[in-house]
Amino acid sequence: MPHLSLLDKLPDRSGLDRLWHILPQARLVGGSVRDLLIGRDAVHDLDLATPEPPETVQALFEAAGIKTIPTGLAHGTVTALIDHVPYEITTLRRDVQTNGRHAEVAWTTDWQEDAARRDFTINALFCDRHGDIHDYFGGVEDLAAHHVRFVGDAARRIEEDALRILRFFRFQARFGGTGPQDRPDAEAIRAITSHAALIDGLSAERVASEILRILTGPNLMRSLHLMADTGILPRLLPSADLPRLARALDADVPPDDILRLGLLADTPDLAERLRLSGRQAQRLDRMSPSTPLHGFDVQGYETQNPLILAPSLGDHALRMLLSCHDRQTLTDRSWFAQAERIADVSSKAWNTLRDRLAQLERPVFPLAGRDVMAAGVRPGPAIGETLAHLAAWWRSQGCLPDRMDCLAELKTRLPLSSQGAGG
């Protein structure tokens, strides 16, 4: 069935037209075709498939003056760079042998044979240079019906690569139906349930990549409940707190993967188990209510009382907190607090608190040890003690005194400081 306007949805197809001039038989494949069909505004990863072997593809591009990168010649993939935009071109393949993670492939010229090795029908769609869709397994119909279905035998697809279990939930979260009449594919659910143990053999990095993508899907809670029902979620996140995340979602928590991960599974070893980056691990640790972030008393001194964020906090208190805790941490903590006390305070009040946090400039104490020494305090413990007292005074004033104000306050403390320094 021709879709003459499908390619016209691309903001710039000049790079594609140049590729098609060299490889007229090539077709767009997978996610870009799917996204064009559903009218998604941003279409990325314009990958193509072609019957020509990779060495021929590379030679044709180089002859045309197009820079190529042999990103995966063993798997039939060449990347072409046109105006700094990468296009992956992969030779049609068929699986010769699979081991549950990697496949040994052979080239083919049969489009349906290539489509048959793909994971889901909605990802096995091709679009040629005329805008015609080539659909061998009912992917267009499944896409319209919000039905995520494996290509061919679901159990076999999973045995070829267990990561497809998590990919099913990712696509279910994005493209699955949301109505009461919508049901996940029964064959897929049976195959996933019976093969749940296979995910134990996946690397932490591959698992983390899929979980983080699942967490930003618009149909998230239904997919997470499916993961729980099939035995997948307990294997990955044994302490998952679905009600807390659901409350946060009801309050329109943003599609921030790390924030949602923390709300879902607040466990100390989570970052290590998923092999997250140092920055991601640090953020998870700081947002967790189990990690104490101390507040301040009315005199500006740090207390051992846990930090409790609430919309009732005034700007004075927020500036005190911002002086020692980064804005991201306080914002993340506000979502945790809101999810725990969802019935006590309106979402509007919490959103107002976050708006205030975003607008307040983070205060920076304007003095350093050299200023105390310049005022006459001798090097030693008295330097730090004096600075600590001054910083507490500064916070007690709402972090508003500027450098001149702080220097003036320092002068009033010099007799005590000098005495503490032995002067």
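Visitor: Which residues in α16 meet which residues in α18?
Guide: This is a predicted model. Asp 315, Leu 318 and Leu 322 are the residues in α16, and they meet Leu 353, Arg 356 and Leu 357 in α18. By type, the residues of this contact comprise four nonpolar, no polar and two charged.

Visitor: At what angle do those helices pack?
Guide: Helix α16 (residues 315-322) and helix α18 (residues 347-359) pack at about 60°, and their axes are 11 Å apart. Helix α16 is therefore oblique to α18.

Visitor: Is that crossing left-handed or right-handed?
Guide: The crossing of α16 and α18 is right-handed.

Visitor: Changing topic: which residues touch the most other members of the largest nonpolar core?
Guide: Ile 232 and Leu 261 do, in a core of 59 residues. Helix α7 (residues 163-175) supplies the largest share of this core, seven residues.

Visitor: And what is Ile 232 in contact with?
Guide: Leaving aside neighbours within four places in sequence, Ile 232 contacts Ile 165, Leu 166, Phe 169, Ile 192, Ala 196, Ile 199 and Met 227. Another core, of 27 residues, lies apart from the largest one and includes Leu 293, Val 377, Trp 393 and Cys 399.

Visitor: Where is Ser 288, and is Ser 288 buried or exposed?
Guide: Ser 288 lies in the loop between α15 (278-287) and β10 (294-296). Its relative accessible area is 4%, so Ser 288 is buried.

Visitor: What does Ser 288 touch?
Guide: Not counting residues up to four places away in sequence, Ser 288 touches Asp 266 and Arg 333.

Conventions
Residues numbered from 1 in each chain as written. Predicted model: local features only at pLDDT ≥ 70, side-chain atom pairs only at ≥ 80, totals over all residues. Heavy atoms only, no water. Core = buried A, V, L, I, M, F, W, Y, C linked by side-chain atoms within 4.5 Å. Buried < 20%, exposed > 50% of the residue type's maximum accessible area, 1.4 Å probe, protein only. Helix = DSSP H or I, 4+ residues; strand = E, 2+ residues; numbered from the N terminus. Contact = heavy atoms within 4.5 Å. Axes fitted to C-alpha atoms, helices over the stretch in contact; angles between N-to-C directions. Parallel < 35°, antiparallel > 145°, perpendicular 65-115°, else oblique. Left-handed = near helix turned anticlockwise from the far one by under 90°. Nonpolar A, V, L, I, M, F, W, Y, C, P; charged D, E, K, R; others polar.
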